[in-house]
Amino acid sequence: MSRLPIQIKLSDSKKEKPDPQTLVFGRNFTDHMFIADYDEGKGWHSPRIVPYAPVTLDPASIVLHYGQTVFEGLKAYKSEDGTVRLFRPEENMKRMNLSLDRLCMPRIDEEQALHALTQLIQIEKDWIPTLPGTSLYIRPFVIANEAFLGVAPAKKYQFYIILCPVGSYYKEGIHPIKILVENEFVRAVKGGTGGAKTAGNYASGLKAQEAADKKGYSQVLWLDGVERKYVEEVGSMNIFFKINGEVITPAINGSILEGITRKSILQLLRHWNIPVQERKLSMDEIRGAYENGQLEEVFGTGTAAVISPVGELNWDGYKMIVNDNKTGPLSKKLFETLSNIQNGNEKDSFAWILKLNSELAKLA
Ligand code: COI
């Protein structure tokens with residue numbers, strides 16, 4: 001398909017950039033954003049980069065009532081020599097199409113979306129922070145903006161990309177977080193939308209998240225929606241357990257998000273010849289391992305969270321303190337390896353990095 005030219009309208013003024021030392025997640029946005037429109041019968045059209053600004057939506061827009069929307073999350077880094085590096089962006093575009101399919105929304109052209117993304121980042125490259133632990137978070141998303149109150153797939157959509165310089169997702173930074181195992185509410189069941197990156201999955205998790213927060217826990221650990229027995233994922237990341245020398249993570253089953261960081265960590269572990277299993281893992285098994293002194297490490301993985309060690313798991317009041325509430329050696333090694341590949345301090349042996357300068361040259 002021939003590539004649609006992107007219209008560019010630059011902002012007259014530039015915002016002040018936040019102090020990288022005190023950067024938080026998701027509060028600061030850059031000067032520009034990307035938008036494209038979709039109309040049934042016409043397809044995607046009018047791709048443009050415009051000054052970052054609030055958007056106008058008809059109050060009857062389908063997204064506002066029935067949540068027909070999907071999103072992605074990925075990051076850009078700047079290495080010491082100034083090269084801009086994107087981590088596996090083609091995987092995000094692929095996954096976005098799977099989510100779009102699930103929500104009855106039109107697919108995007110992955111190559112065009114990647115082109116739009118690289119153009120936008122080229123314009124905003126001064127916004128990429130370089131302090132260790134910081135990056136430019138990229139949030140592509142699609143919304144149904146047709147004004148209609150019937151429950152049906154929309155005939156009009158908009159695709160946006162916004163950018164956000166970020167620090168650590170959790171206030172704990174790279175220190176272990178505390179997680180509450182959720183016994184009352186469920187996130188998703190097989191056949192539902194758990195495998196898609198769609199707003200409703202996150203909105204439905206807020207009630208449990210709020211209750212956990214009040215008890216001093218950063219996140220909840222979701223169990224399977226049928227038996228409430230098997231571990232699924234954490235609110236904003238996939239989860240891994242190191243038990244007796246072996247690393248176990250729940251297998252992708254239709255209700256768990258197929259994380260790109262999860263997939264990369266599995267690749268790293270296998271490359272290091274560390275035994276790995278993707279399978280069902282019950283809370284009873286985790287408790288048994290804890291009581292036998294075999295629960296060595298627990299960590300979450302995600303784009304926003306990177307690698308986040310877990311220091312405490314609370315299951316119905318039974319507290320499991322993992323590795324003395326300290327970051328374990330494997331979590332540390334994974335965090336360092338992944339961060340170093342992302343920011344250019346380590347060789348990209350798996351070809352995970354797209355360098356912006358070479359990508360733009362290829363697309364020119
Ligand atoms: C990400 O890690 O990019 C996510 O999408 C998690 C998000 C809900 C903060």
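Which strand holds the place of T249? T249 lies in strand 13, residues 246-249.

## Basis

This is a predicted model, in which local features need pLDDT of at least 70 and side-chain atom pairs count only at pLDDT 80 or more, while totals for chains, interfaces and linings use all residues. Residues are numbered from 1 along each chain as its sequence is written, and side-chain values use heavy atoms, with hydrogens and water left out.

## Chain

The chain has nine helices and 18 strands (DSSP runs numbered from the N terminus: helices H or I of at least four residues, strands E of at least two). Its C-alpha trace spans about 60 × 55 × 35 Å along the principal axes.

Of the 364 residues, 51% are buried (under 20% relative accessible area, 1.4 Å probe, protein chains only). Among contacts (heavy atoms within 4.5 Å) with a separation of 6 or more, 71% join residues 24 or more positions apart.

## T249

T249 counts as buried because its relative accessibility is 1%. Leaving aside residues up to four places away in sequence, T249 touches I239, F240, R262, L266, Q277, E278 and R279.

## Helices 6 and 8

Helix 6 (residues 260-271) packs on helix 8 (residues 329-343) at an angle of about 110 degrees, with the axes 11 Å apart (lines fitted to C-alpha atoms over the stretch in contact, angles running from 0 to 180 degrees between N-to-C directions). Helix 6 is therefore roughly perpendicular to helix 8 (65 to 115 degrees).

T261, I265, L268 and L269 of helix 6 meet L330, L334, T337 and L338 of helix 8.

Terms used
Buried means under 20% relative accessible area, exposed over 50%, partly exposed in between (1.4 Å probe, protein chains only). Angles under 35 degrees count as roughly parallel, over 145 as roughly antiparallel, 65 to 115 as roughly perpendicular and the rest as oblique.
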